Amino acid sequence: MSPELAGACGIIIMVLLMILGMPIAFSMILVGFMGFSYLTSLDGGLFLLSDSFYYQFSSYTMLVIPLFVFMGEIAFHSGISKRIYKTAHAWLGFIPGGLAVATIGACAGFAAICGSSTATAATMGTVGLPEMRKHNYDPAFATGTVAAGGTLGILIPPSIVLIIYGIQTELSIGKLFIAGIVPGLLLSGLFTAMIIAMCLLKPSLGSPIPGTGFKEKIKALSGTIEMLLLFILVIGGLLKGFFTPTEAAGIGAAGAIVIGVVKRSLSIKGFKKALQGTTRTSSMVLIILASAMIFSKFLTASGLPQGLAEWVGSLNASPYIILLCIMGIYLAGGCIMDPLSFLIITIDIFFPMITKAGFDPIWFGVIIVILLEAGSITPPVGLNVYVIKGIAHDVDLHTIFKGIFPFLGAMLIGLLVLILFPDIVLFLPGLVK
Amino acid sequence: MMFSIEKITNAVARWLNWLSAIAIVAVMLIVCINVLSRSIFGIPLKGTVDIVSQLGVIIIACALAYTQVLKGHIRITLFIDRVPNPYRTAVNCIVDIIGIIMFAVMSWQTFLFAKNTYRVGELSEVLKIPLTPFAGFVTVGSAVLTLVLFVDLLKLTVKEFKK
């Protein structure tokens with residue numbers, strides 16, 4: 001068997017194991033180990049196992065993940081989400097579909113301190129959904145809004161997906177973060193426009209709430225101002241080169257704790273829960289990363305990714321056709337499995353193709369995030385949708401998926417805009433040295 | 001008997017998980033102290049990267065097993081959940097057995113790795129901390145994960161027998 005064929009067989013076996021319900025990380029370790037042993041030697045494979053685990057876990061860069069997860073968890077357990085929602089409620093409630101618009105606004109705000117899409121959906125779901133239900137918002141519309149708004153969590157920095165993309169492709173995490181800001185705002189704007197348009201066409205979907213006075217609007221700001229400062233400190237410090245990403249994450253987590261303690265909104269119980277949530281998410285993500293390292297050593301040894309990239313290059317196809325195909329694969333992949341794992345598994349294969357086709361790797365990172373976001377709200381496996389289902393027990397999955405379609409449309413428009421005008425993504429990172 | 005094995009394994013996994021949680025707080029504090037000391041006094045904390053990198057091993061390795069107790073390791077259940085029952089349990093058992101063998105090998109290999117760091121006397125770059133104990137945590141983490149997977153397998157078979 002030629003090495004390339006072994007690589008292809010490995011991928012097929014890995015997918016098969018995953019379909020049989022083996023945890024994604026375990027499937028990658030097994031296939032990576034066996035394949036690498038086959039291509040080199042058993043001793044080589046065995047050494048790869050211990051070596052990858054220890055060095056992946058003890059990498060300084062990787063610490064950025066648990067620390068940013070911790071920051072988001074603290075924010076979640078200290079009721080910051082409620083205050084952000086209150087602010088958005090006071091400022092945006094009077095617009096048609098006001099509570100939905102406020103939810104999107106609050107999601108964007110929470111995304112600025114949380115790097116995970118499911119956490120954002122869960123947080124804003126528990127705050128925003130009851131309010132919308134109370135005001136008789138259409139269930140499909142309300143749940144769809146929260147599920148879609150949650151996806152902003154991984155586009156607006158900090159973002160776990162962008163961190164992992166950065167680590168795997170050796171790009172600057174700071175630049176990737178700043179590249180996500182404008183597209184994140186663009187997407188929030190598109191979601192908002194979609195909500196307003198829908199509510200103007202069909203007012204029964206969701207009505208505006210009475211406007212609040214200027215004084216109350218200012219008062220509502222007090223709940224969120226400290227988080228805004230924390231965001232500016234963390235992201236600003238990172239961009240100015242004052243902190244490394246790991247330091248920025250550590251300062252962010254500590255800052256969130258200080259705010260929680262000063263505001264007396266973080267209990268000991270909440271703190272413990274935040275820690276448990278952090279260990280769980282971190283070990284889940286990091287074992288997948290370590291496994292991907294084993295698997296990717298095997299793939300590299302097989303020469304398959306390089307071969308594929310060269311083959312695609314030799315097709316002389318338009319770069320946009322290649323981009324479209326890869327986008328389709330990510331969209332489909334995100335539909336059937338956890339988007340983050342899908343990214344980790346596939347990036348080694350597609351990244352060389354994209355750079356060879358002449359696309360900017362930072363720009364592609366943002367595009368991938370939006371595609372994975374779209375995947376996380378599409379059936380049959382939409383993680384965000386399951387999260388929302390867990391909060392709104394009485395709404396069935398079918399209804400939530402129905403509510404999501406307009407937002408998927410908004411995402412596709414957003415993608416199109418970013419493909420046509422890549423400078424929207426690249427302008428800000430270009431300013432950073 | 002079955003019950004007590006599960007209880008002990010879960011307790012060990014939970015205990016390790018708290019170690020991981022403590023390591024997270026420690027990393028956060030060390031990183032912050034380093035940034036503050038560097039920006040206020042202009043003196044960076046020597047060896048920060050050394051210490052926190054090794055604590056990173058504890059964060060992840062010690063949380064692996066408990067994450068499995070909580071069924072937190074991501075898997076695709078879309079297809080397997082639709083398979084009718086005796087077959088589904090059979091597949092689940094096989095997948096579990098593969099996992100057990102794999103992490104048993106992993107524990108053994110990481111043990112050899114740790115042993116080797118001891119033999120060579122491998123030290124961290126700046127502070128010259130011995131790496132062996134930290135490499136040992138990967139062994140412990142993998143070994144307890146193997147145990148948790150074993151308990152899962154026992155539970156699956158016991159459930160099938162009771163039917």
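**Figure 1. Glu170(A) sits in the loop between H9 and helix H10 (173–201) of chain A.** Like every view here, this one comes from a predicted model. The backbone at Glu170(A) has a positive phi of about 60°, even though this residue is not a glycine. Most residues other than glycine have a negative phi. Is the residue buried or exposed? Glu170(A) has 74% relative accessibility and is exposed, because that value is over 50%.

**Figure 2. Lys128(B) is another non-glycine residue with a positive phi, here about 55°.** Look for Lys128(B) in the loop between H4 and H5 of chain B. Its relative accessibility is 48%, so Lys128(B) counts as partly exposed.

**Figure 3. A cis peptide bond runs from Pro157(A) to Pro158(A).** The omega angle of this bond is near -5°. Most peptide bonds are trans. To find the place, follow chain A to the loop between helix H8 (139–150) and helix H9 (160–169), where Pro158(A) is found.

**Figure 4. Chain B and chain A meet in a contact of 55 residues from chain B and 53 residues from chain A.** The size of an interface is often given as the accessible area lost when the parts come together. For chain B and chain A, about 4900 Å² is buried between them, and 81% of this lies on carbon and sulfur atoms. Which residues of chain B lose the most area to chain A? They are Ile60(B), Ile74(B) and Ile76(B), which together make up 14% of what the chain B side buries.

**Figure 5. One salt bridge is found across the interface of chain B and chain A.** Its partners are the side chains of Glu247(A) and Arg38(B), with 3.1 Å from N to O. Between chain B and chain A, seven residue pairs are counted in polar contact. Which elements of chain B give two or more residues to the side that touches chain A? The list is helix H1 (2–41), helix H2 (48–61), helix H3 (64–69), helix H4 (85–120) and helix H5 (132–162). H1(B) contributes the most to this side, with 14 residues. Sorted by class, the side of chain B that touches chain A holds 38 nonpolar, 13 polar and four charged residues.

**Figure 6. Tyr54(A) and Phe113(B) are one of 16 aromatic pairs counted over all chains.** A pair of aromatic rings is described by the distance of the centres and the angle of the planes. For Tyr54(A) and Phe113(B), the values are 5.3 Å centre to centre and 45° between the planes, and the pair is tilted. Tyr54(A) lies in helix H3 (residues 42–57) of chain A and Phe113(B) in helix H4 of chain B, so this pair joins two chains. Both Tyr54(A) and Phe113(B) are buried. Tyr55(A) belongs here too: Tyr54(A), Tyr55(A) and Phe113(B) form one aromatic cluster.

**Figure 7. Tyr330(A) and Phe342(A) form an edge-to-face aromatic pair.** Their rings are 5.5 Å apart centre to centre, with 85° between the planes. Tyr330(A) and Phe342(A) are both buried.

**Figure 8. Thr9(B) and Ser37(B) can both be found in helix H1 of chain B.** Thr9(B) has 5% relative accessibility and counts as buried, because this is under 20%. Which residues touch Thr9(B), apart from its neighbours within four places in sequence? They are Leu147(B), Val148(B) and Val151(B). Ser37(B), at 13% relative accessibility, also counts as buried. With neighbours within four places in sequence set aside, Ser37(B) is in contact with Gly42(B), Ile43(B), Pro44(B) and Leu45(B).

**Figure 9. Leu154(B) lies in helix H5 of chain B.** Is Leu154(B) buried or partly exposed? At 24% relative accessibility, Leu154(B) counts as partly exposed. Now find Asn92(B), 62 residues away from Leu154(B) along the chain. The C-alpha atoms of Leu154(B) and Asn92(B) are separated by 12 Å.

Notes. Residues numbered from 1 in each chain as written. Chains lettered and ligands numbered in written order. Predicted model: local features only at pLDDT ≥ 70, side-chain atom pairs only at ≥ 80, totals over all residues. Heavy atoms only, no water. Contact = heavy atoms within 4.5 Å. Buried area = accessible area lost by both parts, 1.4 Å probe. Salt bridge = Lys/Arg side-chain N within 4 Å of Asp/Glu carboxyl O. Polar contact = N/O pair within 3.5 Å; in protein donor to acceptor, adjacent residues only side chain to side chain. Helix = DSSP H or I, 4+ residues; strand = E, 2+ residues; numbered from the N terminus. Nonpolar A, V, L, I, M, F, W, Y, C, P; charged D, E, K, R; others polar. Buried < 20%, exposed > 50% of the residue type's maximum accessible area, 1.4 Å probe, protein only. Phe/Tyr/Trp six-rings, centres within 6.5 Å; stacked < 30°, edge-to-face > 60°.
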